[in-house]
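Hi everyone, thanks for coming. I'd like to walk you through one model today, so let me put it on the screen.

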Amino acid sequence: MKNTTFTRIAVLLVTVLLASVALAQSDAQKSFDKLKTLVGSWQGKSADGKPVEISFRDTAGGTALMSEITTGDEDMISMIHLDGDRLLLTHYCPAGNQPRMKASVSPDGKTIMFDFVDATNLSSPEAGHMHRAVFTFVDADHHSEEWDWMDHGKGMREVFELQRAK
């Protein structure tokens, strides 16, 4: 009788534990859902005062988020999607390479950082490429983006302060 009771309690505890794990969203899923709140059009200025427009579009049945940055000089596309328990960003760059970056999130959930993993069409690890992207959420109508470029060990950062276009 004791073994039967113990077995029932153990099965119940395992079931509850598995249900809790299944219901808990991963940080990657939470970050992806947060980024999806950016769907729409955004406008702002670069650090040197040049106008910038960014649009976000939910695509592929909700499994990907496309960002298009238009600065007047160049257009860039980034695709963001889940890959198992990680969130990835692939940046389609005018330099002709496609860096992939993996997300991490700040403890308060307001900043999502994407750091370089690898790239296609990159002639060498030292060749110029986008190395990091940081999205910081201010409120529902304001966010900033930082894009870090690396070329032979030297970095350059572009910062966009953005507001939702009306």
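Let me start with a question: in β7, which residue is the bridge partner of alanine 103? It is phenylalanine 114. Before going on, a word on the source: this is a predicted model, where local features need pLDDT of at least 70 and side-chain atom pairs count only at pLDDT 80 or more, while totals for chains, interfaces and linings use all residues. Residues are numbered from 1 along each chain as its sequence is written, and side-chain values use heavy atoms, with hydrogens and water left out.

Now the overall layout. The protein chain has two helices and ten strands; these are DSSP runs numbered from the N terminus, with helices being H or I of at least four residues and strands E of at least two. Reading from the N terminus, the order is α-α-β-β-β-β-β-β-β-β-β-β. The ten strands make a closed barrel, β1-β2-β3-β4-β5-β6-β7-β8-β9-β10, with antiparallel pairing, where two strands pair if DSSP finds at least two bridges between them. From one strand to the next, the twist averages 25 degrees; axes here are lines fitted to C-alpha atoms, for helices over the stretch in contact, and angles run from 0 to 180 degrees between N-to-C directions.

Helix α2, residues 27-36, packs on the sheet and touches β2, β3, β4, β5, β6, β7 and β8, contact meaning heavy atoms within 4.5 Å. The direction of α2 makes about 145 degrees with that of β4.

Let's look at the pairings around β6. Antiparallel strands β5 (residues 86-92) and β6 (residues 98-105) are joined by three bridges, and leucine 88 has lysine 102 in β6 as its bridge partner. The β5 and β6 hairpin has five residues between the strands, and glycine 96 in the turn shows a positive phi of about 90 degrees.

Alanine 60, in the loop between β2 and β3, has a positive phi near 55 degrees. Histidine 152, in the loop between β9 and β10, has a positive phi near 50 degrees. Is histidine 152 buried or exposed? Histidine 152 counts as exposed, because its relative accessibility is 56%; exposed means over 50%, buried under 20% and partly exposed in between, with a 1.4 Å probe and protein chains only. Of the 166 residues in the chain, 31% count as buried.

Last stop, the largest pocket, with a volume of about 380 Å³. A pocket is an open set of points on a 1 Å grid over the protein atoms alone, where a 1.4 Å probe fits, with protein on both sides within 12 Å along at least five of seven lines; lining residues have an atom within 4 Å of a point. Volume is the space filled by probe spheres set on the points. Of its 18 lining residues, Thr71, Glu74, Met76, Met156 and Glu158 are the closest to the centre. β10 gives the largest share of the lining, three residues.
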